[in-house]
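Reader: I am new to this structure. Please take me through one part of it closely.

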Number of protein chains: 2
Amino acid sequence: MTDDRIYTAALIIIGNEILSGRTQDANLAYVANGLNKSGVRLAEVRVVPDIDTKIIKAVNELRIENDYVFTTGGIGPTHDDITSHSIAAAFGVKVIRHPDAEKLLRDHYGADINDSRLKMAEVPEGSDLIPNPVSRAPGFRITNVHVLAGVPRIMKAQFDGVCLQLAGGKPVKSRSLVAHLAESVMAEELGKIQERYPSSDVGSYPFMRAGKSGTAIVVRDIEQVTVDAVIEEVRTMMTGFGVEPEVEVQL
Amino acid sequence: MTDDRIYTAALIIIGNEILSGRTQDANLAYVANGLNKSGVRLAEVRVVPDIDTKIIKAVNELRIENDYVFTTGGIGPTHDDITSHSIAAAFGVKVIRHPDAEKLLRDHYGADINDSRLKMAEVPEGSDLIPNPVSRAPGFRITNVHVLAGVPRIMKAQFDGVCLQLAGGKPVKSRSLVAHLAESVMAEELGKIQERYPSSDVGSYPFMRAGKSGTAIVVRDIEQVTVDAVIEEVRTMMTGFGVEPEVEVQL
């Protein structure tokens, strides 16, 4: 299902380990790319600590401003896993032990089930479960807020499942050109190209690698034909400055 | 200068390239670790697009809530570099061409100076410059908001300079232990340890790598003696579950 309006999402990364610098986030780019393919634009990301008031504030601000909210982290069995209770508080509902989640966990752990493991069956009342094909303990969705694990392998499996069901607009198309040219050389001409194509997003990203500096120009638009037209103008501009651009290898 | 209160900072990452998934952020962990050493805790991170209203809102919320705010990105010469104007709008001041910045740029570019390059001398009125030893175009500070480049090599050089001058509290000490134990096995005992040491932050981080799962327990406190005491309790607990923990290699 696609239409012409722009769908947006926000991502809330919950975890002291990201804010302390101990762990490098590995989920943001995956979520961004997956949403693009579903025609949803990632509009904002917040990284918040394991503090309920911070989580509640971020959820309540972002779920109103966006079509979708995703959270990662804080849904495990330990004392620092406070996401379920915080989301419930954000919605003003109580936390229940979801019968389907409890059954999943009891089947998975058998005789090794314990209270800490059963904590992973606790969700805000009114939630639907989000399957976890990797380690069973499910995520959940309440209205437009999707609560996922923090461990990247689990998060990705959960997110891929959710993505298949999202309503979105047209996916954003993009192409880019790279040239060993300073962006300040191109800036004026590039600004004019942006003005001629107001529907497009013309981004300029300087880089330094392997001792050489240059600029990547990335063009995004929901219409492929527009992306192609803008890219040709950028190419003409770059060759006008005496540099043959390279097509950027997409990661 | 150190005292006993907790100093906090927020980081605002400005850039469509992060939100689109094109670029993996490389600045968050560096800022977090640098702040830790200065006795400042990174309390929140936001990633916002190149849209002035979004930048203004984030700056004005976070500069009130925190001792320091850092922004990265959007201070180059192109049309999508709108950070200076957005920060000026957040403070309700006008943008001026800073004479010292203009001189730096004119000295650096010589005859190749142009209007786009001079745009990098534009800062909110009342700002101090933040030196850029890599490529000259400076960042700036206005009250507690520090505006840095997005390119990691430049950002790091600017940030290191700023860090030397920050007032902070006591740096946070941390140690961690890793065991091939599910966190749900340890959860109950770990919660009791956390209760006995309320000043400490006892984090539990499950992982899966190379086909083996396990949990890293990270203990943080401003007192090294407390960190050491908590780590010994965690070690005793892990060996009680029949697993000899490993000392985690810090990245």
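How much area do chain B and chain A bury between them, and what share of it lies on carbon and sulfur atoms?

Author: A word of caution to begin with: this is a predicted model. The size of an interface is often given as the accessible area lost when the parts come together. Here, chain B and chain A bury about 4800 Å² between them. Carbon and sulfur atoms carry 50% of that area. Look at the chain B side. Arg22(B), His79(B) and Met208(B) lose the most area to chain A. Together these residues account for 15% of what that side buries. As for residue counts, chain B brings 61 residues to the contact. Chain A brings 61 residues as well.

Now the charges. Side chains of opposite charge can pair when their charged atoms come close. Across the interface of chain B and chain A, the rule finds 6 salt bridges. Over all chains, the structure holds 36 salt bridges. Take one that links the chains. Glu61(B) forms a salt bridge with Lys57(A). Their closest N and O atoms are 3.5 Å apart. This pair crosses between chains, and both ends sit in helices. Glu61(B) belongs to helix α3 of chain B, residues 52-65. Lys57(A) belongs to helix α3 of chain A, residues 52-65. Another salt bridge joins the side chains of Lys54(B) and Glu65(A), at 4.0 Å from N to O.

Step back from the interface and look inside each chain. Start in chain B. Helix α2 (residues 28-37) packs with helix α7 (residues 152-163) there. The angle is about 15 degrees, and the axes lie 11 Å apart. That angle makes α2(B) roughly parallel to α7(B). The crossing of α2(B) past α7(B) is right-handed. Which residues meet? From α2(B) come Tyr30(B), Val31(B), Gly34(B) and Leu35(B). They meet Met155(B), Lys156(B), Phe159(B), Asp160(B) and Cys163(B) in α7(B). By class, this contact of α2(B) with α7(B) divides into 6 nonpolar, 1 polar and 2 charged residues.

Chain A has its own α2 and α7 contact. The axes of helix α2 (residues 28-37) and helix α7 (residues 152-163) of chain A come within 11 Å and cross at roughly 15 degrees. That makes α2(A) roughly parallel to α7(A). Here too the crossing is right-handed. On α2(A), the contact uses Tyr30(A), Val31(A), Gly34(A) and Leu35(A). On α7(A), Met155(A), Lys156(A), Phe159(A), Asp160(A) and Cys163(A) take part. The contact of α2(A) with α7(A) has 6 nonpolar, 1 polar and 2 charged residues.

One more pair in chain A. Helix α8 (residues 183-196) packs against helix α9 (residues 224-240). Their angle is about 160 degrees, with axes 11 Å apart. So α8(A) is roughly antiparallel to α9(A). Again, α8(A) passes α9(A) in a right-handed crossing. Met186(A), Glu189(A), Leu190(A), Ile193(A) and Arg196(A) make the contact from α8(A). Val230(A), Glu233(A), Val234(A), Met237(A) and Met238(A) make it from α9(A). The contact of α8(A) with α9(A) has 7 nonpolar, no polar and 3 charged residues.

How values were computed. Residues numbered from 1 in each chain as written. Chains lettered and ligands numbered in written order. Predicted model: local features only at pLDDT ≥ 70, side-chain atom pairs only at ≥ 80, totals over all residues. Heavy atoms only, no water. Axes fitted to C-alpha atoms, helices over the stretch in contact; angles between N-to-C directions. Helix = DSSP H or I, 4+ residues; strand = E, 2+ residues; numbered from the N terminus. Parallel < 35°, antiparallel > 145°, perpendicular 65-115°, else oblique. Left-handed = near helix turned anticlockwise from the far one by under 90°. Contact = heavy atoms within 4.5 Å. Nonpolar A, V, L, I, M, F, W, Y, C, P; charged D, E, K, R; others polar. Buried area = accessible area lost by both parts, 1.4 Å probe.
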